[in-house]
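The sequence and the model are shown first, and the description follows.

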Amino acid sequence: MKPEQVMTEQESFSIIQRMINAAKQEQKDNGMGWIIWGWMLFTVSILTVLNIRFSWFQTFAFWNAFGICSILLLIAGVIKKYYSKKKNDVQTYYNDLFKLLNIGFFISLSFIIIAINKGVGIVFGFALLINLYAFWMLIYGAASNFKPSIIAAFITWGLAFAGLFVTSVEMIMYIQAAAALIGYIIPGHMANKAYKQHSSV
Amino acid sequence: MFKDLDPILHSQLRLAVMSLLIGLKEAEFTYIKEKTKSTAGNLSVQIQKLKDAGYITVEKQFKDNYPLTTCKITSQGIKAFEQYVKALQQYLHVK
């Protein structure tokens, strides 16, 4: 690119468009984070239902294991990021927003989990968790202009409301699994497909 | 009545730098160089001109013993860029 070359108005517009598209590439999410998170939630919910049916372990053994795994993954992620030599050569407002959104999400998640352990009630507590997933999806979808997440947020809220009216742990686990599938797994795979298509262009 | 196009922005490389920075919080020199496909020397000169015009801020520091230059668009730069785009639109509507 030459600095002082005379440009036509069309050339100016073309440069602006090309560079804005290049900057937009920094804001693309490959969806892998929520595919993994979604499958973890889905698997644990279904395993809990099977555990209730076949009485393998204590009812929430899989959720306890899930909690430990999540904390270990979080610690591993922080350590990896701290020691990573990979340069972070660009910062976007979008990435900053999601960093804070995810911190807020995990604080709220921890708050509800502690509340469940303090006696809020398992079924009600899980309905609150599903409500929180919906809120995250809505903000994510709106900020990244990703419609599947916005639609998934409203369906997940419907599931959260339904969760308020069920009484069995088994039923709330089915609702939780459905929320993970609709809210994270399906939109996650759609985002991943779109990311791959965009990257290959 | 047509506004004159800002001469600071009406240059390929400077316009590319500004168009890139408008969508980002901040970017390192190496990133801008890669995206604009420019040479380090050329880019340094144009970045300095944008800095002198008050359109961007440039922060120089060291990271792991390597120099690190980070550029960020200023509010004055955003305003100038918006005016430039408006003026461009006027020209294009007439043609």
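Axes are lines fitted to C-alpha atoms, for helices over the stretch in contact, and angles run from 0 to 180 degrees between N-to-C directions. Helices (H or I, at least four residues) and strands (E, at least two) are DSSP runs, numbered from the N terminus. Residues are numbered from 1 along each chain as its sequence is written, and chains are lettered from A and ligands numbered from 1 in the order in which they are written. Because the model is predicted, local features need pLDDT of at least 70 and side-chain atom pairs count only at pLDDT 80 or more, while totals for chains, interfaces and linings use all residues.

The crossing of H1(B) past H2(B) is right-handed; a crossing is left-handed if the near helix is turned anticlockwise from the far one by less than a right angle, and right-handed if clockwise. From H1(B), Leu13(B), Ala16(B), Val17(B) and Leu20(B) meet Ile32(B), Lys35(B) and Thr36(B) of H2(B). The residues of this contact comprise 5 nonpolar, 1 polar and 1 charged. Here Ala, Val, Leu, Ile, Met, Phe, Trp, Tyr, Cys and Pro count as nonpolar, Asp, Glu, Lys and Arg as charged, and the others, Gly among them, as polar. Two residues are in contact if their C-beta atoms, placed from the backbone, lie within 7 Å.

The overall plan of chain B comes next. Chain B has 4 helices and 3 strands, arranged along the sequence as α-β-α-α-β-β-α. Its C-alpha trace spans about 55 × 25 × 20 Å along the principal axes. Of the 95 residues of chain B, 35% are buried; a residue is buried if 20 or more other C-beta atoms lie within 10 Å of its own, exposed if 12 or fewer, and partly exposed in between, with C-beta atoms placed from the backbone. Among contacts in chain B between residues at least 6 apart in sequence, 56% join residues at least 24 apart.

H1(B) is mostly covered, with 10 of its 10 residues buried; Leu15(B) and Met18(B) are among them. H1(B) also lies across S1, S2 and S3 of chain B, and runs at about 80° to S3(B). In H2(B), the buried residues are Tyr31(B), Ile32(B), Lys35(B) and Thr36(B). Seen down the axis of H2(B), these buried residues fall within an arc of 115°, so they line one face of the helix; the arc is that of the directions from the helix axis to the C-beta atoms. Their cover includes helix H1 (9-24) and S1 of chain A, together with H1, S1, H3 and S3 of chain B. After H2(B) comes Lys37(B), which has a positive phi, near 55°.

In an open sheet, 4 strands stand in the order S1(A)-S1(B)-S3(B)-S2(B), with antiparallel pairing. S1 of chain A and strand S2 (56-63) of chain B stand at the edges, each with a single partner strand, so one side of each is left without a neighbour in the sheet. Two strands pair if DSSP finds at least two bridges between them. The pairings are set out below.

| Strand pair | Sense | Bridges |
|---|---|---|
| S1(A) and S1(B) | antiparallel | 2 bridges |
| S1(B) and S3(B) | antiparallel | 2 bridges |
| S2(B) and S3(B) | antiparallel | 8 bridges |

Between the chains, Gln91(A) has Glu26(B) in S1(B) as its bridge partner. Within chain B, Glu28(B) is the bridge partner of Thr70(B) in S3(B), and Lys60(B) that of Thr69(B). Phe62(B) stands opposite Pro67(B) in S3(B). S2(B) and S3(B) form a hairpin with 2 residues between them, and Asp64(B) in the turn has a positive phi of about 50°.

Finally, the contact between the chains takes 27 residues from chain B and 23 residues from chain A. On the side of chain B that touches chain A, at least two residues each come from helix H1 (12-21), strand S1 (26-28), helix H2 (29-36), helix H3 (40-52) and helix H4 (75-94). H1(B) gives the most to this side, with 7 residues. The residues of this side of chain B divide into 11 nonpolar, 10 polar and 6 charged.
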